[in-house]
Amino acid sequence: MNTISQLRMYTIKEGKMAEWVDGWTRGVLPLRRKFGFRVDGAWVVPEGNRFIWILSYDSSDRKSMKPDPAPLIEKAESWFVTSAIEPPPRNDRSIGSRPL
């Protein structure tokens with residue numbers, strides 16, 4: 001079974017990355033998790049003030065979030081992506097693995 005995810009890349013306003021990450025971590029991330037969405041990863045690319053994250057679903061409930069870091073986005077891009085490789089088989093007994 002293929003999982004379709006969304007890759008999002010935001011260009012954050014100059015000098016606002018720390019504020020953005022704080023707002024995203026306290027607002028967006030918990031909201032996504034609260035509604036059962038999976039955030040597969042999030043990264044800061046200092047060159048170009050970029051914030052990149054991958055999630056498996058989208059929700060319109062984000063508009064009620066406080067603090068809302070959205071005004072700090074200079075540019076937003078997103079793509080739906082599909083895995084090009086088969087995921088390795090899950091073995092919850094292997095070293096370092098844990099149930100999600």
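**Fold and aromatic cluster of the predicted model**

Glutamate 14 counts as exposed, at 68% relative accessibility. Exposed here means over 50% relative accessible area, buried under 20%, and partly exposed in between (1.4 Å probe, protein chains only). The place of glutamate 14 is the loop between S1 and H1. Its C-alpha lies 9.8 Å from that of isoleucine 73, although 59 residues separate glutamate 14 and isoleucine 73 in sequence.

The model is predicted: local features need pLDDT of at least 70, side-chain atom pairs count only at pLDDT 80 or more, and totals for chains, interfaces and linings use all residues. Residues are numbered from 1 along each chain as its sequence is written, and side-chain values use heavy atoms, with hydrogens and water left out.

Helices (H or I, at least four residues) and strands (E, at least two) are DSSP runs, numbered from the N terminus. Of the 100 residues, 31% are buried. Among contacts with a separation of 6 or more, 70% join residues 24 or more positions apart. A contact requires heavy atoms within 4.5 Å.

The structure holds five aromatic pairs. Rings of Phe, Tyr and Trp (its six-membered ring) pair if their centres lie within 6.5 Å; planes under 30 degrees apart count as stacked, over 60 as edge-to-face and the rest as tilted. One of the pairs joins tyrosine 10 and tryptophan 53. It is edge-to-face, at 6.5 Å centre to centre and 70° between the planes. This pair links distant parts of the chain: tyrosine 10 is in strand S1 (residues 4-12) and tryptophan 53 in strand S3 (residues 50-55), 43 residues apart. Tyrosine 10 is buried, at 8% relative accessibility. Tryptophan 53 is also buried, with a relative accessible area of 1%.

Tryptophan 53 also pairs with tryptophan 24. The ring centres of tryptophan 24 and tryptophan 53 are 5.2 Å apart and the planes meet at 80°, so this pair is edge-to-face. Tryptophan 24 lies in helix H1 (residues 17-34) and tryptophan 53 in strand S3; the pair therefore ties together parts 29 residues apart in sequence. Tryptophan 24 counts as buried at 5% relative accessibility. Ring pairs link Tyr10, Trp20, Trp24, Phe51 and Trp53 into a cluster.
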